[in-house]
Amino acid sequence: MIENCTTLYPNDIVGRKVSEYSDQHSVPLPEDLVKYHEWVLRSQEHSHFTISLLEARMLSWMARMVNAKRVLEIGTFVGFSVATWANAVGKDGSVTGLEKSPEFAQMARDQLSRFGWNNAEVVTGDALHTLAGLEPPEPYDIIFIDAQKSGYPAYLKIILDRSQPGQANRLLRPGGLIIGDNALRCGLVADESDDNPATKTVPLHTINWDWNNIAFLDEFNKMMHGHPHPVLYERLIKRHQTSSERQQEGQAKGYGRVLEADLARGETRLSALATEAAGEQREDLSPARHRWHAASDIDNPWDGEASTKEQGSELWREFLRERFIRGGDEDFDYAKVDGNEELDVVLRRDEEDRWFDDEEPSWVGDRDAAGETGVQDF
Ligand SMILES: C[S@@+](CC[C@H](N)C(=O)[O-])C[C@H]1O[C@@H](n2cnc3c(N)ncnc32)[C@H](O)[C@@H]1O
């Protein structure tokens, strides 16, 4: 069988063995899906566009992990990965693929129908427009990005901006996954030197190759890392940093340039607490927040622009305080935690300490000791 295989190991021999081993120990795929893959490899000039069977197994496993029922794919080619999702979500789930090329989109529709994946649809058009225009009745559980690399940061920004708490027709559900394929681009994001053979092969195999695409992937990977709200962080903090400050911060954080598919971190902008109408003041608001409330009628101070580095940094801290200290994350079900006394370890410990502190040693002096030891047995 022809196979297109991704290697991440010291040399191709080890990489292939690890891939084969992983293949044998991963989620099995139905025969129809394997046949679909074979059809792509045999019939398509650009068959290397499609994910490998091993990747298909991994994506199926990820779908299973989050019990995905609704998947959106950006960059569908002739539909094999859409079929993979369609299989993973089951007949009662659904998949939408976005594809720019009308020819690829039509081929995808034909093959999906031929192989019986009727729970999938393919939308033709530039995903930068079609994505922004989607109005899903229910948010997606997974969004898989596999289109032009220069678009990755823009796709991520649209997804985050269109997935705000409480937003109508939000794209991604709370805790949903954003998965970016090729985020490492055969190691080019980490090594663009001649040491990396991909510097020769990838440009040859890629239509309209542009070295700037590596920088876009790098930007995407950095956005995916470590921040509870990458877009806001960009606006309040990074915009005011010098390039050397950014570099230092990147080094300090140890950006590994690996794709973290977890993208629960893609959770976005925090909207105002339910108790707080615009302009209304709360006792526990910080001075910075009071100032902002007095000065504007926006719900969240951090939604406004920061004109200086200090202001940006204060607003960012305020956002973090609201979310992580005051418990203002609308997507988090605090009731489950608040109602579970087992989780209140600190509270219980304090209560116990207080109880022992208050306990009167009434036996001291006014009671006769009895029992074997004269202390603990009476
Ligand atoms: C790597 S292929 C996708 C492979 C597919 N996910 C699979 O595994 O079979 C990338 C696809 O993205 C499409 N594409 C590129 N730019 C696009 C855009 N702006 N909007 C939508 N699709 C785009 C290309 O036509 C191509 O079919």
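A salt bridge is defined here as a side-chain nitrogen of Lys or Arg lying within 4 Å of a carboxyl oxygen of Asp or Glu. The structure is a predicted model, in which local features require pLDDT of at least 70 and side-chain atom pairs count only at pLDDT 80 or more, whereas totals for chains, interfaces and linings use all residues. Residues are numbered from 1 along each chain as its sequence is written, and side-chain values use heavy atoms, with hydrogens and water left out.

In general, side chains of opposite charge can pair when their charged atoms come close. One of the salt bridges joins Lys222 to Asp218, with an N to O distance of 3.0 Å. Both residues belong to helix H9 (residues 212-224), where a spacing of four residues separates them by about one helical turn; helices are DSSP runs of H or I of at least four residues, numbered from the N terminus. The two partners were classified by relative accessible area, with buried meaning under 20%, exposed over 50% and partly exposed in between (1.4 Å probe, protein chains only). Asp218 is buried, at 15%, while Lys222 is partly exposed, at 27%.

Glu314 and Arg317 form another salt bridge, at 3.1 Å from N to O. This pair lies in helix H13 (residues 309-325), and its members, three residues apart, are likewise separated by about one helical turn. Arg317 is partly exposed, with a relative accessibility of 40%. A further salt bridge links Asp194 with Lys200, whose closest N and O atoms are 3.9 Å apart. Asp194 is exposed, its relative accessible area being 65%.

The ligand is surrounded by 18 residues, of which Thr50, Ser81, Glu99, Ala127 and Asp146 are the closest; a residue is assigned to these surroundings if one of its heavy atoms lies within 4 Å of the ligand. The shell consists of seven nonpolar, six polar and five charged residues, where Ala, Val, Leu, Ile, Met, Phe, Trp, Tyr, Cys and Pro count as nonpolar, Asp, Glu, Lys and Arg as charged, and the others, Gly among them, as polar.

The side chain of Glu99 places an N or O atom 2.6 Å from an oxygen atom of the ligand. A nitrogen atom of the ligand lies 3.1 Å from a backbone N or O atom of Lys100, and a ligand nitrogen atom is 3.4 Å from an N or O atom in the side chain of Tyr155. The protein buries 90% of the 600 Å² that the ligand exposes when taken alone, areas being computed by the Shrake-Rupley method with a 1.4 Å probe.

Technical notes
Helix = DSSP H or I, 4+ residues; strand = E, 2+ residues; numbered from the N terminus. Polar contact = N/O pair within 3.5 Å; in protein donor to acceptor, adjacent residues only side chain to side chain.
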